Structures are given as structure tokens and as C-alpha cells.
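Biologist: Please take a close look at the ligand site. Then place it among the strands and loops.

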Amino acid sequence: MTRLIFLGPPGAGKGTQAQALAHAHTIPHVSTGDILRGAVAQQTDLGLKAKAFMDEGELVPDSLMLDLVRDRLSQSDVAEGWLLDGFPRTVNQATFLDQVLNDIRQSCDYVINLDVPDDIIVTRLLNRGRTDDNESVIRHRLEVYREQTAPLIDFYRQRQQLVSVNGNQPVEAVSRDLQQAIQSA
Ligand code: ADP
């Protein structure tokens, strides 16, 4: 049974690493970014509300995010483990997640922080070319990350749940370091 949270700036490689790790541990990869992009593509109520925030590099409001995550973590496929990617993104979301996990009598094993310097991130995101990846939106997402999400690194470090991995290496090297970090944590 494995329950993991992935932290890291946009473009850190969370998606790629999370998918590989979830596969290796046969647990569902729960990506709030993927869920939201799916909702936007299908033009659901959630998607229609979330799109403007995503396009601007803003966080989607908690009034939409919290129910979404609570519902997703109550589904049967994640009863035996999960890898959460993109949530929590704020201290408020982390506190909410604590409550949800407490309610369903689960706890997270590790919080993995993928560390990548800012200049590398901007270059990576510009090369990625997603619709929300133009330079001013990227810079804004990074600001939002620094202000709202980066404090979670200390939040989880103080609780001794944090495992940090250098994300500024080739994909295979990051995967290897991740596996080692989890085994020796
Ligand atoms: P990245 O991998 O670039 O960090 P994601 O795919 O995780 O981006 O998320 C894309 C967008 O979806 C974010 O910029 C944000 O607008 C929205 N989003 C995803 N997760 C959350 C969340 N937990 N809270 C608020 N907004 C979110």
C-alpha cells in the first residue's frame, strides 16, 4: 500500500515521474491538472468554471477543488493507495487534505518534492507548448507557486514527511533517485 503526494514547481517533471511511479507501484495517478483539463475538454460545469483561471495561470478556487478531491479520494480504485499530483497547492488545501484523510482513516506515506531551479523551469515550460504555457502565464504560475505552494515544503518537512529529489537531471536519473529515496526514507 502506497500513498504519495508530489510537490514541485510547474514544469518540474511531476507528471512524468508521477505516472511512472504510480505504474511501478500499481496505484492510480490522481492528477488534479489532468482532471481539470479533462473537464475543460468535455465542457462540464467544472471545466467551464475552471478554464479562465487555468488560462491565466491562477489557482482554481477551493470552492471547486475541495469537493473534487474529496470525491476522487472516496472512490474504490484508490482505497489501496494513490499518488496525488497537483494537490495540495496551498496550506489551506493541505489542511483540508489532512481532514479528508483523517475522515477516511488514511494517511500519506511520503511527500516528494521535485527540486528544479527557476531558469530551467521557464525554458522547459516554453518548450512544452501547452495552451497555458506562454511566457507571461508561465511567470505568473511560478509566482503563484512561490507564494502559495512552496510554503508546503516546510509544512511537510516539519512533519518529517518530506523527501526531496533533484529534478534537474535526465528523466531516468530522476526516476532512479526517486525510487531510492522512497526505499530509504
Ligand atoms: P503544472 O504541472 O504545470 O504544475 P498542473 O497540470 O498540475 O500544472 O495544473 C494546471 C492548472 O490547473 C494550474 O495552473 C491550476 O490553474 C489548475 N490546478 C491544478 N491543480 C490545482 C489545485 N490543487 N488547486 C488549484 N488549481 C489547480
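Modeller: A polar contact here is a pair of N or O atoms within 3.5 Å; within protein, one must be able to donate a hydrogen and the other to accept it, and residues adjacent in sequence count only if both atoms are side-chain atoms. The model is predicted: local features need pLDDT of at least 70, side-chain atom pairs count only at pLDDT 80 or more, and totals for chains, interfaces and linings use all residues. Residues are numbered from 1 along each chain as its sequence is written, and side-chain values use heavy atoms, without hydrogens and water.

Start with the contacts. A backbone N or O atom of Glu58 lies 2.7 Å from an oxygen atom of the ligand. The side chain of Arg141 places an N or O atom 2.7 Å from a ligand oxygen atom. For Thr32, a side-chain N or O atom is 2.8 Å from a nitrogen atom of the ligand. On its own the ligand has 560 Å² of accessible area (Shrake-Rupley method, 1.4 Å probe), and the protein covers 95% of this.

Now the shell. The ligand is surrounded by 18 residues (a heavy atom within 4 Å). Thr32, Arg37, Glu58, Gly86 and Arg141 are the closest. By class, seven are nonpolar (Ala, Val, Leu, Ile, Met, Phe, Trp, Tyr, Cys and Pro), seven charged (Asp, Glu, Lys and Arg) and four polar (the others, Gly among them). Helix 2, residues 32–41, gives the largest share of the shell, four residues. Helices are DSSP runs of H or I, at least four residues, and strands are runs of E, at least two, numbered from the N terminus.

Next, the strands. Two strands pair if DSSP finds at least two bridges between them. Strand 1 (residues 2–7) pairs with strand 4 (residues 110–115) in the parallel sense over four bridges. Here Leu4 stands opposite Tyr110. Strand 4 also runs parallel to strand 5 (residues 162–166), with five bridges. There Asn113 faces Ser164.

Two loops remain. Most residues other than glycine have a negative phi, and most peptide bonds are trans. Gln43, between helix 2 and helix 3 (45–56), has a positive phi, near 55 degrees. The peptide bond from Phe87 to Pro88 is cis, with omega near 0 degrees. Pro88 lies in the loop between strand 3 (81–85) and helix 5 (91–103).
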